[in-house]
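Have a look at it first, then follow along section by section.

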Amino acid sequence: MTRIGRWVSEHLVLGIGLLVLLYMFVPIFIVVLMSFNDPLSRVGYRFDGFTLDNWLHPCEPNGMCDAVLLSVQIGVLATIGATLLGTLMAFGLVRHRFRGRGVANVFTFLPMASPEIVMGSSLLALFVSAGFAGVLGFWTILIAHVMFCLSFVVVTVKARLTGLDPRLEQAAMDLYANEWQTFWRVTFPLVFPGILSAALLSFSLSFDDFIITNLNSGQEVTFPMYVWGAAQRGIPAQINVVGSVMFLLALVLVVAGELGSRRRRSRALA
Amino acid sequence: MSVADGTAPVSAPVAPGVSDRRRGITGYLLLAPASLWLGLFFVIPLVSLVGTALYDPSGSLETGYAMTGYVGNYTAVLQDYSQQFLRSLGYAGLATIACMVLGYPLAYAIAFKAGRWRNLMLVAVIAPFFTSFLIRTLSWQLILADQGWVVDVLQSLHLMGSDGRLLATPLAVITGLTYNFLPFMVLPLYASLEKIDPRLHEAGADLYAAPFTTFRKVTLPLSLPGLVAGTLLTFIPAAGDYINAELLGNTRTQMVGNVIQNLFDGGSYPEAAALSVTLMSVIVVMVLVYIWRAGTEELV
């Protein structure tokens with residue numbers, strides 16, 4: 001093989017991987033671009049002109065900011081609920097022996113493997129047959145969101161907990177820390193990054209959900225439902241502003257987390 | 001391949017074995033709140049859905065439904081909507097295959113070729129998915145639109161007729177499904193590739209195996225758990241999705257999700273429930289086969 005041929009075959013997979021990665025960013029690029037669009041017609045399929053108006057007046061489309069606000073409220077509450085319940089469950093699954101582990105594992109996995117339409121419709125059927133058809137709204141959305149975020153929290157925290165070196169806790173116990181001190185000074189700080197990423201995941205799942213929410217929302221309109229409605233009429237450019245902001249916020253959080261853990265690591269080594 | 005420079009992976013700390021685990025009531029107490037929540041709002045609804053599917057279909061939301069144990073709902077929806085049902089499985093299957101083709105090289109590159117850029121590439125896999133699912137799909141609507149530049153380029157190269165379309169075709173729906181569920185393939189694949197000791201590749205080469213033979217006989221079999229998990233996590237949500245079919249397809253690309261949603265909107269709860277139960281049964285069978293092969297500890 002020639003030198004060039006060898007270089008190509010050595011880097012071929014990396015090249016394909018980078019191309020796939022690029023493909024994943026194409027729609028995001030379009031979203032950011034269209035957030036600066038100054039459309040000539042109501043349905044702008046092309047980039048007609050550059051404007052900052054959409055960014056300066058994000059709340060112009062009727063009801064959009066209310067929908068964003070509702071989604072943030074539900075997202076925060078659902079994150080708190082799911083993270084709390086899921087973290088407890090993960091500790092139980094990893095650290096304790098009991099009957100029915102297999103069953104618990106299956107029922108944690110099943111919500112992640114169920115199509116949203118099935119979960120949403122079954123929950124709606126239950127609410128309706130329990131006589132809750134009239135009160136569908138904020139609380140039923142919240143109940144549903146905690147339910148489908150839970151499994152993802154359990155999986156994320158469980159992975160962190162399983163990778164924990166048990167010798168660290170044994171060392172704390174050897175140094176006369178009681179169980180309570182060991183937990184709060186050693187175990188919890190070590191598991192915390194896992195809990196944090198589980199919370200971030202929960203929030204983005206909740207903020208993003210359409211299918212289950214749409215079935216159980218009654219009269220309430222969350223942001224995805226607003227987007228769905230707008231898609232039938234013609235999408236205001238401000239929706240792309242919200243999409244871009246979500247992307248940037250997530251990126252900042254993830255990069256900050258990565259830098260933080262790097263600094264902790266280097267401090268630990270010093 | 002860089003094993004000679006001493007970057008052999010340090011063995012992970014041993015997880016507390018089953019013998020270390022504590023017995024007693026605390027375990028049950030920790031599990032209770034989440035189990036209760038999942039029981040009330042996931043398990044019971046699923047079970048009662050089976051019941052709803054047996055109601056007399058002539059009732060309505062206002063008058064209520066009579067529980068008549070009417071199995072006819074199942075046969076009726078299977079007769080009326082078998083086309084959409086099979087189409088869902090077909091589209092989801094094709095999207096899953098496309099995800100494998102795109103996702104495997106990416107996961108492989110991150111696991112073995114990315115070096116110090118590994119974390120950055122992992123973040124890059126997830127980052128696009130923090131933008132809302134609907135906004136991403138609408139973005140594809142723009143990309144594939146009749147007036148969009150992709151169609152323009154294809155038409156000016158005469159790869160597509162002047163009345164050819166990308167939007168509102170099965171191809172557009174499958175493209176959308178592939179895009180939206182790709183990370184669910186990449187991440188489990190990466191997780192199982194990352195566990196492979198790179199020295200195994202060296203060993204393959206030492207034993208005079210061509211790179212592709214090493215891949216086929218060593219890497220691929222070892223990454224099979226990730227491939228199977230990725231397949232489940234891609235295929236299942238894709239089969240139940242209706243957003244891509246609605247935004248990127250036309251009336252002839254309707255999937256089972258569209259039908260269920262429409263039946264619910266129209267108030268035909270028993271039929272909608274029967275179709276949901278049928279879809280869920282197919283999925284439970286798939287999960288059971290997976291558990292039978294992999295066990296329950298690998299699940300979560």
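## The overall picture

Keep in mind that this is a predicted model.

Chain B has 300 residues, and 43% of them count as buried. If you take the contacts in chain B with a separation of 6 or more, 71% come from residues 24 or more positions apart.

## Where chain B touches chain A

How many residues of chain B are in contact with chain A? The count is 81 on chain B, and they meet 74 residues of chain A. On the chain B side, the helices that each supply at least two residues are H1 (25-52), H2, H3 (118-126), H4 (133-144), H9 (224-240), H10 (243-248), H11 (256-265) and H12 (269-294). The one that gives the most is H1(B), with 18 residues.

## A helix pair across the two chains

One pairing between the chains is H5(A), residues 116-129, with H12(B): their axes come within 10 Å and cross at roughly 140 degrees. That angle makes H5(A) oblique to H12(B), and H5(A) passes H12(B) in a left-handed crossing.

Which residues meet here? From H5(A) you get Ile117(A), Val118(A), Ser121(A), Ser122(A) and Ala125(A). Facing them in H12(B) are Tyr269(B), Ala272(B), Ala273(B), Ser276(B), Leu279(B) and Met280(B). By type, the residues of this contact divide into 8 nonpolar, 3 polar and no charged.

## A helix pair inside chain B

Now stay within chain B and look at H2(B) (residues 72-113) and H6(B) (residues 170-194). They pack with their axes 6 Å apart, at an angle of about 40 degrees, and that makes H2(B) oblique to H6(B). The crossing of H2(B) past H6(B) is right-handed. The residues in this contact come out as 25 nonpolar, 2 polar and 1 charged.

H9(B) has 17 residues and spans 24 Å from its first C-alpha to its last, close to the 24 Å expected at 1.5 Å a residue. Of those 17 residues, 13 are buried, so H9(B) is largely enclosed by the rest of the structure.

H11(B) is mostly covered too, with 8 of its 10 residues buried. The buried ones are Val256(B), Gly257(B), Asn258(B), Val259(B), Ile260(B), Gln261(B), Leu263(B) and Phe264(B). What do they pack against? On the chain A side it's H5 and H9 (211-216), and within chain B it's H2, H9, H10 and H12. After H11(B) comes Gly267(B), which has a positive phi near 80 degrees.

## A buried proline in a loop

Pro128(B) sits in the loop between H3 and H4 of chain B. Is this proline buried or exposed? Pro128(B) counts as buried because there are 23 C-beta neighbours inside 10 Å, and the cut-off for buried is 20 or more.

Leaving out residues up to four places away in sequence, Pro128(B) touches Met24(A), Phe25(A) and Ile28(A). For a sense of distance, Pro128(B) and Leu36(B) are 92 residues apart in sequence and 34 Å apart in space, C-alpha to C-alpha.

## Two tyrosines with positive phi

Most residues other than glycine have a negative phi. Against that background, check Tyr176(A), where phi is positive, near 65 degrees. Tyr176(A) lies in the loop between H7 (166-174) and H8 (179-208) of chain A, and is exposed, with 7 other C-beta atoms within 10 Å.

Over in chain B, Tyr208(B) also has a positive phi near 65 degrees. Its place is the loop between H7 (199-206) and H8 (211-222) of chain B. With 7 C-beta neighbours inside 10 Å, Tyr208(B) counts as exposed.

Definitions and conventions
Residues are numbered from 1 along each chain as its sequence is written. Chains are lettered from A and ligands numbered from 1 in the order in which they are written. This is a predicted model: local features need pLDDT of at least 70, side-chain atom pairs count only at pLDDT 80 or more; totals for chains, interfaces and linings use all residues. Axes are lines fitted to C-alpha atoms, for helices over the stretch in contact, and angles run from 0 to 180 degrees between N-to-C directions. Helices (H or I, at least four residues) and strands (E, at least two) are DSSP runs, numbered from the N terminus. Angles under 35 degrees count as roughly parallel, over 145 as roughly antiparallel, 65 to 115 as roughly perpendicular and the rest as oblique. A crossing is left-handed if the near helix is turned anticlockwise from the far one by less than a right angle, and right-handed if clockwise. Ala, Val, Leu, Ile, Met, Phe, Trp, Tyr, Cys and Pro count as nonpolar, Asp, Glu, Lys and Arg as charged, and the others, Gly among them, as polar. A residue is buried if 20 or more other C-beta atoms lie within 10 Å of its own, exposed if 12 or fewer, and partly exposed in between; C-beta atoms are placed from the backbone. Two residues are in contact if their C-beta atoms, placed from the backbone, lie within 7 Å. The expected span of a helix is 1.5 Å times one less than its number of residues.
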